[in-house]
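Please keep the structure in view while reading.

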Amino acid sequence: MALSLADVAATIAAAIPDHEALVFRDRRLTYRELAERERRFANLLLARGLGLERERDGLANHESGQAHCALYLYNGNEYVEAMFGAFAARVAPINVNYRYVEEELLYLLENAQARALVYHAEFAPRVAAIRSKLPRLELLVQVADDSGEPLLDGAVDYEQALAASSPAEPAATPSPDDLYVLYTGGTTGMPKGVLWRSDDIFVSAMGGRRQDGTLVASREELAAQAKAGSQAGAKALIGPPLMHGAAQWVLVNAMVGGATIVMPGEVKRFDARDFLATAERERVATVSIVGDAFARPIVDELRARPYDLASLRVVGSGGAQLSAPNKAALLDLLPHAIVWDGMGSSEGGLQAGAVATRGNVSSGSFAAAVDSVVVSDDLARVLDPSEREEGWLAMAGRKPLGYLGDPAKTARTFPEIDGRRYSVPGDRARYNDAGGIDLLGRDSVCINSGGEKIFAEEVEAALKAHGDVFDVVVAPRPSERWGQEVVAVVALREGAAPDEASLLAECERHVARYKLPKAFVFVPVVQRSPSGKPDYRWAKARAEAGN
């Protein structure tokens, strides 16, 4: 079976039309109602001449043959409707980081060749400031919010446009070759648009595999799976912003499982109290978070006040590694649940996972997903699981086509090894004695100190074991002696006093001495993206400045 993401959504909506699909603030939509709004958005795009431009056949891996619609939105029903409406029109939706300033936004919309933009009214002044520099941008759809910003000249109001658009089936036939485009966060460089075939990302990360790793065989099986989940009353709370790939993957997995998708009311930042209150009110079975940036506030909130979370069975984390101390704390507070720690990337899909239960917690060691392998440092061969050589985590099966408009980077990230094409996003790894994979860290945040490679994530995990550390990011700064040296940018828990000797002692319990920070910079808050990923450019600047 090969499906477009539009086919996936339509199959599920047809199977469970009257089941509640989405809960956001005071809005509750069934799968039937959600599908109708998606069709209306698709027909809006088609009426404006957006859709397929060239079929996939004959295009290079870095090229797109579809119009692109950028989603510059906070979480909400509009994000889901516009994303799947675009798929139904054979338009590729583009995720946009809502924290971008004008220059960054201009870069992304130019790079993405966006012809349409859906944005919350709050962002209207920013859109107005750059629209004259974007001659390709022909359709502006403004989503009303509480900002009071008026409708931009030439823009259409989202709700009015949907009301005026046809609810009929769109005059487009989506293909499994249609693109799913995911822009990387740009925390270590400029954002890049990763191009996936719809069918490949569905299989790799969005529920197209059964639990045993085999493929879902038919639409009938997909429909039956959704019906079973809906009858069981499955509900999934999505914590991270949908502009983040991991949140989109959780969303589609939840739909495939027939779940009701729940979103917290606070959308501009992560609010642990609002998140847990929503989980309690809606009796959710699963919640999704992003690493320690979400886990720590949740742990603190659970310790501060009681919540009835008896329905909760799974805490799923993706997009950033979850440290062992925070896993243990979550499991102590939620003893009836498990913690699932997923590892993936924009370029690799879901590559590995680890399940933690109370009394059985670790960090950094994962079970490989189907087709995840480790390849040699020189990209010459695939390592045997019996080898302990450090190499690159790679994906051999379903993988992206390439980077939009960048054939050189496409060739570097998706090399051929022994005649087979692999995805090598840049994560260092090695096989371990337990038959799994130890993830060492992203090469782009590797510190070379005196010829030794030190991965930032490894030192961060060691420092997070200290009870006074609320958050930490590790970055390099120049060193006359070592070339580079490790600096820890640390945010302490409220009331804690800086104690470098104690921090070093804790760190030394977990990593070799040459990996210990040479200096500490204490900050009130560690800067991260809304999805919880560390901003290494910011951390490097703080490390070099020393404050």
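The second largest pocket holds about 640 Å³ of space, where a pocket is an open set of points on a 1 Å grid over the protein atoms alone, with protein on both sides within 12 Å along at least five of seven lines, and a volume is the space filled by probe spheres set on the points, joined across faces, edges and corners. Its lining numbers 33 residues, of which Arg99, Arg269, Phe270, Ala293 and Phe294 are the closest to its centre, lining residues having an atom within 4 Å of a point.

The model is predicted, with pLDDT of at least 70 needed for local features and 80 or more for side-chain atom pairs, while totals for chains, interfaces and linings use all residues. Residues are numbered from 1 along each chain as its sequence is written, and side-chain values use heavy atoms, without hydrogens or water.

**Helix packing**
- Helix 10 (residues 272–282) and helix 11 (residues 291–304), being DSSP runs of H or I with at least four residues, pack at about 70° with axes 9 Å apart, the axes being lines fitted to C-alpha atoms over the stretch in contact and angles running from 0 to 180 degrees between N-to-C directions.
- The two helices are therefore roughly perpendicular, a term that covers 65 to 115 degrees.

**Cavities**
- Three cavities reach 30 Å³ or more, a cavity being a set of points where a 1.4 Å probe fits but cannot get out.
- The largest cavity has a volume of about 60 Å³, and its lining includes Leu52, Arg54 and Asp177.

Methods:
Angles under 35 degrees count as roughly parallel, over 145 as roughly antiparallel, 65 to 115 as roughly perpendicular and the rest as oblique.
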